[in-house]
Amino acid sequence: MVTVKLCSKASGKPIRDVKVLVSFTSVGRGWLEEWTDSSGGADFDTDPGDAVVYVHGSPIWKGHLSGRVVVCV
């Protein structure tokens, strides 16, 4: 399992109720979507891997997705 946690750059507070899309860069991995919860976390039931994270259709993070990644937007 991997988790993407979103927070506001301006306030540092969690961003909830936002759809997060993870697109894996390796062939055959595809993409997954989840909504952030009240703490700003979106949990993905998948193995770690290289990925791009999108919010509102824009890429906000790129790298090796493993464990928990916090992204402030």
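Two strands count as paired if DSSP finds at least two bridges between them. With that in hand, here's a look at a predicted model, starting with its sheet.

Val2 has Phe44, in E4, as its bridge partner. Strands E1 and E4 run antiparallel to each other and share 4 bridges, so they pass the cut-off of at least two. Zoom out a bit and you get an open sheet of 3 strands, ordered E4-E1-E7, with mixed pairing. E4 (41-44) and E7 sit at the edges with a single partner strand each, so one side of each has no neighbour in the sheet. From one strand to the next, the twist averages 20 degrees.

A disulfide is a covalent bond between the sulfur atoms of two cysteines. How many disulfides does a search of the whole structure find? It turns up 1: Cys7 and Cys72, with sulfur atoms 1.9 Å apart. The pair ties together parts that are 65 residues apart in sequence, because Cys7 is in strand E1 and Cys72 in strand E7. As for handedness, the S-S torsion of Cys7 and Cys72 is about -60 degrees, so this disulfide is left-handed.

| Cysteine | Strand | Relative accessible area |
|---|---|---|
| Cys7 | E1 (residues 2-7) | 7% |
| Cys72 | E7 (residues 68-72) | 34% |

Are they buried or exposed? Cys7 is buried, because its 7% falls under the 20% cut-off. Cys72, at 34%, counts as partly exposed, because that value lies between 20% and 50%.

Key: Residues are numbered from 1 along each chain as its sequence is written. This is a predicted model: local features need pLDDT of at least 70, side-chain atom pairs count only at pLDDT 80 or more; totals for chains, interfaces and linings use all residues. Side-chain values use heavy atoms; hydrogens and water are left out. A disulfide is a pair of cysteine sulfur atoms within 2.5 Å. Helices (H or I, at least four residues) and strands (E, at least two) are DSSP runs, numbered from the N terminus. Buried means under 20% relative accessible area, exposed over 50%, partly exposed in between (1.4 Å probe, protein chains only). Axes are lines fitted to C-alpha atoms, for helices over the stretch in contact, and angles run from 0 to 180 degrees between N-to-C directions.
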